[in-house]
Amino acid sequence: MTTNGKSRWNPRSITTYAALGTAILGLGGYIYARQIEPNRVDINHYSLKFANLAPEFKGYRLVQISDIHADGWMTRNRVADIIKIVNSLNPDLIAITGDFVTYESTSHMDWLAVELGKLKAQDGVFAVLGNHDHWSGADQVRKGLKDGGVIELQNSYHTLTRGEAVLHIAGIDSHYIGMARIDTLVEKIPDKGFAILLAHEPDFADLAAATGRFELQLSGHSHGGQIHIPILAKPFLPYYGKKYPRGMYQINGMKLYTNRGLGMIHLPLRFNARPEIAVFTLE
Ligand SMILES: [Fe+2]
């Protein structure tokens with residue numbers, strides 16, 4: 001098409017349209033990452049088959065949440081909504097794999113303790129601390145968990161029973177902070193019985209799998225990259241969250257699940273890394 005004998009599609013107009021298109025896409029992407037995706041909590045269901053699970057625990061339902069990161073964005077109302085969803089999933093056990101707060105625990109742990117106290121699971125609510133919990137004040141976080149009725153597994157374990165059958169739920173303190181004591185933990189756990197490990201940092205799985213004691217490790221920490229733009233940019237992944245950043249893995253005889261978490265750090269943006277609640281049915 002021509003106007004006054006000149007093509008409308010001259011190089012300058014093509015550049016202008018390309019710049020405009022890029023700006024619109026960029027703005028749309030930003031609005032999506034800021035306003036939409038962080039609120040789109042994904043509920044992922046997994047049926048996990050294990051050869052050595054006692055028949056008494058077949059159908060056991062474990063709900064995992066991670067990386068709440070209570071802050072100016074992850075408000076009490078948002079946490080309350082998440083807790084309602086978790087309870088509606090009818091869990092036998094709730095596992096929380098660390099990073100309750102980001103850099104400051106004092107202004108958030110009191111209300112978070114009250115909300116965590118509303119979680120309902122037949123066998124209880126178990127948790128481990130993450131690196132941010134230590135950076136924010138582990139004592140304050142631990143007090144909040146205790147007040148909220150959440151049992152912290154600090155290089156320790158708890159045994160669940162169904163008749164003669166047992167299932168051990170174990171937890172390791174933050175590997176990032178240098179507080180993980182896997183040898184001590186494995187020594188404490190009885191030799192027999194199915195064992196699940198909670199560990200904030202997923203890349204700890206190589207060490208956990210090497211012990212041969214755990215059938216499943218549940219982790220968080222990586223936020224699935226949080227902002228993950230395929231091809232154009234590598235996802236941002238923290239130390240000890242780079243090798244196993246999201247989803248299900250098999251490491252020797254152990255399964256690992258890396259949960260994308262619920263909150264955010266640095267920028268309050270999520271792209272292609274929706275927040276999630278994971279529901280595992282053991283078979
Ligand atoms: Fe973390």
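**Iron site, strands and a helix pair**

His 221 sits in the loop between β11 and β12, where helices (H or I, at least four residues) and strands (E, at least two) are DSSP runs numbered from the N terminus. This is a predicted model, so to speak of local features pLDDT has to be at least 70 and side-chain atom pairs count only at pLDDT 80 or more, while totals for chains, interfaces and linings use all residues. Residues are numbered from 1 along each chain as its sequence is written, and side-chain values use heavy atoms, with hydrogens and water left out.

**The iron site**

- Four residues coordinate the iron ion at 2.2 to 2.3 Å: Asp 99 through OD, Asn 131 through OD1, His 200 through NE2 and His 221 through ND1. Donors here are N, O and S atoms within 2.8 Å of the metal (3.2 Å for Na, K and Ca), and sites may look incomplete, since water is not among the atoms.
- Along the chain, the donors are spaced as D-x31-N-x68-H-x20-H.
- The angles among the four donor atoms run from 85 to 166°, and the site is irregular. For reference, four donors are tetrahedral if all angles lie between 85 and 135 degrees; four are square planar and six octahedral if opposite donors are over 155 degrees apart and all others between 65 and 115; anything else is irregular.
- Asp 99 is buried at 1% relative accessible area, and His 200 is buried at 1% too. Buried means under 20% relative accessible area, exposed over 50% and partly exposed in between (1.4 Å probe, protein chains only).
- His 221 is also buried, at 5%, and has a positive phi near 80° without being a glycine.

- Strand β13 (residues 254-258) has five of its five residues buried, so the rest of the structure largely encloses it.
- In a regular strand, side chains alternate between the two faces of the sheet.
- In β13, Met 254, Leu 256 and Thr 258 point one way, Lys 255 and Tyr 257 the other, and all are buried.
- β11 (residues 216-219) runs parallel to β13, joined by four bridges; Leu 216 stands opposite Lys 255. Strands pair if DSSP finds at least two bridges between them.
- β12 (residues 247-251) runs antiparallel to β13, with five bridges, and Gly 247 stands opposite Thr 258.
- Two residues separate β12 and β13 in their hairpin, where Asn 252 takes a positive phi near 50°. Asn 252 is not a glycine, and it is exposed at 65% relative accessible area.

- Seven bridges join the antiparallel strands β8 (residues 156-162) and β9 (residues 165-172).
- Leu 160 has Leu 167 in β9 as its bridge partner.
- This hairpin has two residues between its strands, and Gly 163 takes a positive phi near 65°.

**α2 against α3**

- Helix α2 (residues 76-88) packs on α3 at about 20°, with the axes 10 Å apart. Axes are lines fitted to C-alpha atoms, for helices over the stretch in contact, and angles run from 0 to 180 degrees between N-to-C directions.
- α2 and α3 are therefore roughly parallel to each other (under 35 degrees; over 145 is roughly antiparallel, 65 to 115 roughly perpendicular and the rest oblique).
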